[in-house]
Amino acid sequence: LAARDGRLIVNADALQVYANWRVLTARPSAADEAALPHALYGHVGRDRAYSVGAWLREVAGLLERPLVIVGGTGLYFTALTGGLAEVPAVPAAVRAEADALFREGGVAALLAGVDAATAARIDRQNGARVQRAWEVLRATGRGLADWQADTPPPLLPLAQVEPVVLRPQVAWLDARIALRFDQMLTEGALAEVRAELPHCQPGLPSAKAIGA
């Protein structure tokens, strides 16, 4: 599509934005990036906190030209086509308090401090979602569901785009995963991770790369 229509290829994968991970996140190769225009790949430093809100702001600056937006982070696509609530940033002290509560009592301890409206709509088995809801209420005095009720219109309403979802057969996908793993080792995945060891901070979003 990009080659045929002269479109810009835009990354919608939350880990492929980080400069320190090319092989481990299967970012497009340098040859791929040179062959066609790409955006929002490998442009964020390892120490920077990057979010779906930051991604949306960057995508907004690219909408004047034809795009192919591709990636593996469903939240990015949901926010792009459905809108994103403008929730204030959670202070580090509140996050630390939530982390401590989670260590002591698990998801149940956090869920007990979430407002009823939010608790009724979030995935209660997803610790990250429950903690996020707890932090927002603690930091703002207002439940996440209430913030989401004020979600502004999306940048690209679903009716105005051509959504494409690939659902390959499992056997085909398993074979591709095995091939990709071998290719990642051949292309230097171990060396890439070794180079990160001096900078390793497990709490950073960039450290969430699978395999890191």
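## The parallel sheet

In this predicted model, strand β1 (residues 8-11) runs parallel to β2, and two bridges join the pair.

Stepping back, the open sheet has three strands in the order β2-β1-β3, with parallel pairing. β2 (38-39) and β3 (67-70) are the edge strands; each has a single partner strand, so one side of each lacks a neighbour in the sheet.

## Where α3 meets α4

Now to the helices. The axes of α3 (residues 52-60) and α4 (residues 74-82) come within 10 Å and cross at roughly 55°. The two helices are therefore oblique to each other, and their crossing is right-handed.

On the α3 side, Val 52, Trp 55, Leu 56 and Val 59 make the contact, while α4 brings Leu 75, Tyr 76, Ala 79 and Leu 80. By type, the residues of this contact are eight nonpolar, no polar and no charged.

## Where α5 meets α7

Helix α5 (residues 92-111) and helix α7 (residues 127-140) also have axes that come within 10 Å, here crossing at roughly 125°. α5 and α7 are therefore oblique to each other, with a right-handed crossing.

Residues of α5 in the contact include Arg 95, Glu 97, Asp 99, Leu 101 and Phe 102, and among those from α7 are Gly 127, Gln 131, Trp 134, Glu 135 and Arg 138.

Key
Residues are numbered from 1 along each chain as its sequence is written. This is a predicted model: local features need pLDDT of at least 70, side-chain atom pairs count only at pLDDT 80 or more; totals for chains, interfaces and linings use all residues. Side-chain values use heavy atoms; hydrogens and water are left out. Axes are lines fitted to C-alpha atoms, for helices over the stretch in contact, and angles run from 0 to 180 degrees between N-to-C directions. Helices (H or I, at least four residues) and strands (E, at least two) are DSSP runs, numbered from the N terminus. Angles under 35 degrees count as roughly parallel, over 145 as roughly antiparallel, 65 to 115 as roughly perpendicular and the rest as oblique. A crossing is left-handed if the near helix is turned anticlockwise from the far one by less than a right angle, and right-handed if clockwise. Contact means heavy atoms within 4.5 Å. Ala, Val, Leu, Ile, Met, Phe, Trp, Tyr, Cys and Pro count as nonpolar, Asp, Glu, Lys and Arg as charged, and the others, Gly among them, as polar. Two strands pair if DSSP finds at least two bridges between them.
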